[in-house]
Amino acid sequence: PDSEFRRLASMAGIDHLVDLRWLPDYSTRGLFARRDVDPGDALLHVPEVLCIVEPVDLPAGMDGGPQQTWDVRLAERFLDEIAVGQFWHPYAELVPAPGTMAQPLQLPPSLLEELHHNTMAAAARKQQAALRHQCPGAVPDEDAGNEAYPTPMLWAVGLVRSRALEAGEGFYALVPFLDMANHSDTPNAMWSYSAGDNGRARGFHLHALMPINQGQQVTISYHENMDNRRKFAQYGFVTPGGNPYDRLPGFDKLQANRQYLLSKDRLWETLHLVGMDPSCPDAMPNAALATIRSLPLEEGELPLEEEAKSCRALRRALESLGQSEFKSPADVDIVLYEDIIGGNVAGDEVMLAVLAYRIERKALFGTASELLMAHETRLHEKWLVQQGHKDSKDEVVEAEGGSSQAAA
């Protein structure tokens, strides 16, 4: 257990059934149960008076100067507190240090390019420009070198955006101790805020959702159904091994506009042929699940030739986007990631997080392209049979090269 976590909790009079510990792989720290607990057991209570609370909207007459958003105001207060505060000054040693967080907002231009995602990089540059306007001098100039990143303000805003919790309607707060809980898509605990009514103490509470064994990590859900893009933009991490909530970029409007539609029944046939069962989503690879949830599907059948053209157009659009953004293939990225882990190549946790993001994104693109190719080939085979070709599986050669068997 982290002795400073315990010391500060004792100093603040915090009763807690959790400790701060390193995860077994030493990738990060998190909260762990000090003893066995049952569902509903209180694990932690942080009184509001210990938190840094900021309203979303300033009271009338208090908004002079450049209009600052709540997260910037909360970040400024955090920086003030850690400079002189008896509690927050030592507590700041427990949060991620400057230069260890991978949120795009905090990344220098060279690392934004390493994301291999133009939209993500552009959004980060836009956020940096907005902060530059709100806090003149607190954010590096656009032409500043890597060594200028992150500034204390960028670091503080990154902490706020990734750790602040809602403190009732219209307020956000930095909540010590509770902010050390890691995210899980299947959490075993839940936090809540109480305004001091119904006999509950005012502040933030952490309760177990299920039995938790002594020494087991206590996790919460930051948000439900987060895709990797949001996870990385707000928190600087991704779900490894595919995220079922990911979506293919630009595909969301196709269903509404009824463009490039694919037959759901025929796609399901193709999935079965390649060994996947969409009726059992828990057994499907996450990247494949994200793919079929992105595609514009139509109940019933469509003309074979029309559907094949739609499938080809979707695949080519996806591959074109990947070619314009991806500066290296996924297998090269994986080798680089493993070399950094193994100490063979220089790199830090931020570069590893950037690599993880782009590896996952390329894996999604690759899976989608392969499934669309398999479906396109299957549609062409069906069309040949429809036209009277009896030995279609032997005859079909994809127009761009490669046999039907190889494509599948």
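Q: In which helix is the place of E319?
A: E319 belongs to helix α11, residues 304–325; helices (H or I, at least four residues) and strands (E, at least two) are DSSP runs numbered from the N terminus. This is a predicted model, in which local features need pLDDT of at least 70 and side-chain atom pairs count only at pLDDT 80 or more, while totals for chains, interfaces and linings use all residues. Residues are numbered from 1 along each chain as its sequence is written, and side-chain values use heavy atoms, without hydrogens and water.

Q: Why is E319 called partly exposed?
A: The relative accessibility of E319 is 28%. Buried means under 20% relative accessible area and exposed over 50%, with partly exposed in between (1.4 Å probe, protein chains only), so E319 counts as partly exposed.

Q: How far apart are E319 and F365 in sequence and in space?
A: E319 and F365 are separated by 46 residues in sequence and by 7.7 Å in space, C-alpha to C-alpha.

Q: What makes β8 and β9 a pair?
A: Two strands pair if DSSP finds at least two bridges between them. β8 and β9 have six bridges and run in the antiparallel sense, so they pair. Within this pair, A189 stands opposite A208 in β9.

Q: What makes M190, L209 and M210 a nonpolar patch?
A: A patch takes residues with over 30% relative accessible area and no salt bridge (a Lys or Arg side-chain nitrogen within 4 Å of an Asp or Glu carboxyl oxygen). Like charges are joined within 9 Å, and nonpolar side chains (Val, Leu, Ile, Met, Phe, Trp, Tyr) within 5 Å. M210 has 36% and is partly exposed; M210 lies in the loop between β9 (203–208) and β10. Together the three residues have about 270 Å² of accessible area (Shrake-Rupley method, 1.4 Å probe, with only the protein chains shown as cover).

Q: How many disulfides does the whole structure have?
A: The search finds zero, where a disulfide is a pair of cysteine sulfur atoms within 2.5 Å.

Q: Are C280 and C311 buried or partly exposed?
A: C280, at 39%, is partly exposed, whereas C311, at 0%, is buried.
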